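Hi,

Here is the structure I promised to pass on.

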Amino acid sequence: MTDASLEPRTAAIRPPMRFRETRRAIKTYSRSFSSMLGLVIVVLFLFIAAFGPWLAPYPEDAYGAVDFAAKLLPPSAEHWFGTDQVGSDILSRVLIGARTTLQIGVTVTGIAILIGVPLGLIAGMTSGWISEVIMRITDIFLSIPGLILAIAIVGALGPGILNAMIALSLVWWPGYVRLVQAKTLSERNETYVDAARALGAGPLRVLFVHVLPNCLSPIIVKASMDMGMAILGAASLGFLGLGAQPPYPEWGAMIATGRAYLPDWWWATFFPGLAIYLTVLGFNLLGDGLRDVFDPRQR
Amino acid sequence: MSDPAMLAIRDLDVHFPLVNGQLVRAVEKLSLTLRAGETVGLVGESGSGKTTVGKTALRLVRATAGQIEIDGMDVIGASNRDLKKLRQKAQIIFQDPHSSLNPRMTIRRAVSEGLILNTSLRGKALRDRVAETLDAMGLSAQFHDRYPHELSGGQKQRVCIARALVLEPDLLVLDEPTSALDVSVQAQILGILKDLRATRPALTQLFISHNLAVVRFLCERVAVMYLGRIVEEGPVEQVFDDPCHPYTRALLSAVPVPEARARPDRMRLTGDIPSPTNVPKGCSFHTRCPIAEKGLCDTTPPPLRRTGEARMALCHFAEPMLETPAT
Amino acid sequence: MTKEPLLDIRDFSLVFDTFDGTYHAIDRVNLSLQPGEALGLVGETGCGKSVLTRAAFGLVPTPPARITGGSVKLAGRELLGLSDRELRQVRGRQVAMIFQDPMTYLNPVFRIGTQLIDAIRAQSGGRIKRVEAKAIALDMLEKVQLPNPERQLAAYPHELSGGMRQRVLIAMALAAKPRLLIADEPTTALDVTIQAQILDLMAGLVDEMGLTMIMISHDLGVVAQVCSRVAVMYAGKVVEDAPIAQIFDAPAHPYTQGLLAALPHPFRRQDRLASIPGTLPDLLHPPSGCLFAARCAQAAPACGVPVPMRPVGEAHRVACTLYDDERKKEPAHV
């Protein structure tokens, strides 16, 4: 048979398939305004997190420099975001605080993934008591509101930025277990897993070569959304005085301190709040956009 | 039986318990032997257990009772080491080529996987072997680094065939390999499979299908399943031209024939296939059988009768072959 | 043509605006159907057979689809350009449809009877009382030969088998006494013996009730059981339109010939099946001439320009240059 003729004639004029896929993904993503907005915000945030200390006009203000002569100045050309109750430049503190915020987001999401994904895979691939135990523990965690549990944990460990991160990580992983277990269960029953087993693939190979790569897209999507949520969580702890302690430049803690000066000196809370709002929004929009790209129905 | 048996299934039972306590009797007391080099069709409707037989033969599904041997090797009790040898000997191709390829693997990787797992072939030798096999399936080099979703259904099924054949198996189980494909693509795949009989005469194929026309085209022998049992077995042409079991007759007359004039000898079954959780007593076909006799078929399981040279039927009314001395 | 056709599709074209460009799904299709006729619409995946019938009755969302021309007349009334409400009325009362997977079209949480009765009352615009609707429902279930119709009314969809569900859907479709039934692969999901039952039922409905029907299928054998005429579609075009006997005995279009030669026959010994080389044309950039030319062994330069349908026999039309007067001179092997 002249099987070579079976290829579509158009195949030759198409660009190489891999680039085509990437281009399609980029196009799908960029088609949505909100996704692009999310991406811009996140990129800006990452840039600030990386270069904040150099961008800040008064970097020393971020670490407790006190200048009572300049306290509670409204936004002006000199202090774009105004100054706080000890005369520190709020813009500088917000810019430098971005790095802390990023650290919190990455750490919390990272630890949650490191705990949740393996547990989810194990629960999905095994049946019987192991999976039962994992899933019931997960259920118990999911049944308690995360922030309340985190507050309790910080209460036990003592306030502080590190403890806040630990507490948030400990309440964040059950979501990943649920997600990965469900995805693993459905992937496990795909025919290609049967095919791999027929070729002699053992359970570990099935798990790491066949199942895990196909679970990655939802994990990435959830992770990008969770970045925002973890930042919000840390800010909440900071606001409650359980996270970063003033004068450490953390947005939640800044709001907590500035709260006492509302409404007259609104800028002390408004700008850190805006920063949190935009960052969380950015990560959520990014996650939405990624979900559109990864959604298999698009294919 | 002078030829060695490549696949021997004896008294196989496969039961699945359901959550509600019922038992699905997918396969019941099934025996089937494939001689080396033979192509045998296993036909039946949904719920007949034909797919389960194929999967159990490769131990993708656990048997409840019975024996399965592939080239003399025990399948059901095989140790992990023996299983590895078995995997190389016996391969399976599934119905839906789309879902049987990992969407995140290029087809080159998909075809390499079996070799990496089962042979010491690596590097260039491996790549050459994979390329050669894919080429033989009509997939030229430009396809080798593509992902499954970039291929058409027919191309994907060729990849699946290549993935199975690259291990040079002795036994190939084909589970409805063309039923998800269009007619013209099906013809191409059937052509490839039929060519295998010439290019690899030692390859034994168990072809599972609900499509009788395809079985007629491809197979030498056919076994008809109904509710987990083989009700008729024999050479394809004899079974199709002169079926002994009423179910086979009904099945054959239900096939839509691509001809303008309807056949006059139509035989229609009434009612539906009973659920395999609730297999009728006696002959499992008696609820739909036009010639069933009260007091016999609904109480007594029918005997397996030899109805001809290498032919068998599971029916009270099948006429046994007259034992005439061979001339 | 003396009688007015019940359905008359003229030069119907439809495109999908996709991410990669404009996809020419249906290109200038002509199809007409006399009352009482059963037409089989046959073609492979992606040929546009389902899209055509759905789009004609407003069931394809626009966008992404866009109807670029033509007309669809049902009993003389133009359907293109009707409002959604008017189209819904056409679909409820004049045109009924059944689909491949009956389960998708039955609501799993309501009893069969409730759904049937509600459908019958909705089709009548609420003028029929519940009791009357139930009587009609029972009558319809008997017509579609559902065993124990009284009992099935109280059953939930999952308690019925696939074949029984399809019977219920046929009953539901026919309850409004539609002028036209569109059956889209009605037996593809069913087993062979059940398929045979449903096909017998449909053939009976056509013969006895004078039902007008379009049956969409990928299987020429299935269509042959029910239909008297077949239209073969390829890449968004009808390439051949002929009485069923002509299609099997004297297929005119090379694609139809290829399709038939690729079909395995259950009662004949075949050593080889002819396969059609090549794949479907890229409908994002369709060639201007015959879409099958690239795969056709008998293609000629004349195939490079649009090839309209031409008659080749009694009620037999084909879109192929082989039957041009100029080309007939050269001996072409069919």
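Some housekeeping: residues are numbered from 1 along each chain as its sequence is written, while chains are lettered from A and ligands numbered from 1 in the order in which they are written. Bear in mind that this is a predicted model, where local features need pLDDT of at least 70, side-chain atom pairs count only at pLDDT 80 or more, and totals for chains, interfaces and linings use all residues.

**Chain B on its own**

Chain B has nine helices and twelve strands; these are DSSP runs numbered from the N terminus, with helices being H or I of at least four residues and strands E of at least two. Along the principal axes, its C-alpha atoms fill a box of roughly 70 × 55 × 50 Å. Contacts are counted when two C-beta atoms, placed from the backbone, lie within 7 Å. For pairs in chain B at least 6 apart in sequence, 64% of contacts join residues at least 24 apart.

**Its two neighbours**

Against chain A, 24 residues from chain B meet 20 residues from chain A. On the chain B side, H3(B) gives the most, with four residues. That side splits into seven nonpolar, ten polar and seven charged residues (Ala, Val, Leu, Ile, Met, Phe, Trp, Tyr, Cys and Pro are nonpolar; Asp, Glu, Lys and Arg charged; the others, Gly among them, polar).

Against chain C, 33 residues of chain B touch 40 residues of chain C. H6(B) gives the most here, with six residues. This side of chain B holds 20 nonpolar, six polar and seven charged residues.

**Cores**

A nonpolar core here is a set of buried Ala, Val, Leu, Ile, Met, Phe, Trp, Tyr and Cys residues joined through C-beta atoms within 7 Å. The largest has 211 residues, and Val224(B), Ala137(C) and Met215(C) touch the most other members. A second, separate core has 67 residues, including Leu121(A) and Met165(A).

Cheers

Notes:
A residue is buried if 20 or more other C-beta atoms lie within 10 Å of its own, exposed if 12 or fewer, and partly exposed in between; C-beta atoms are placed from the backbone.
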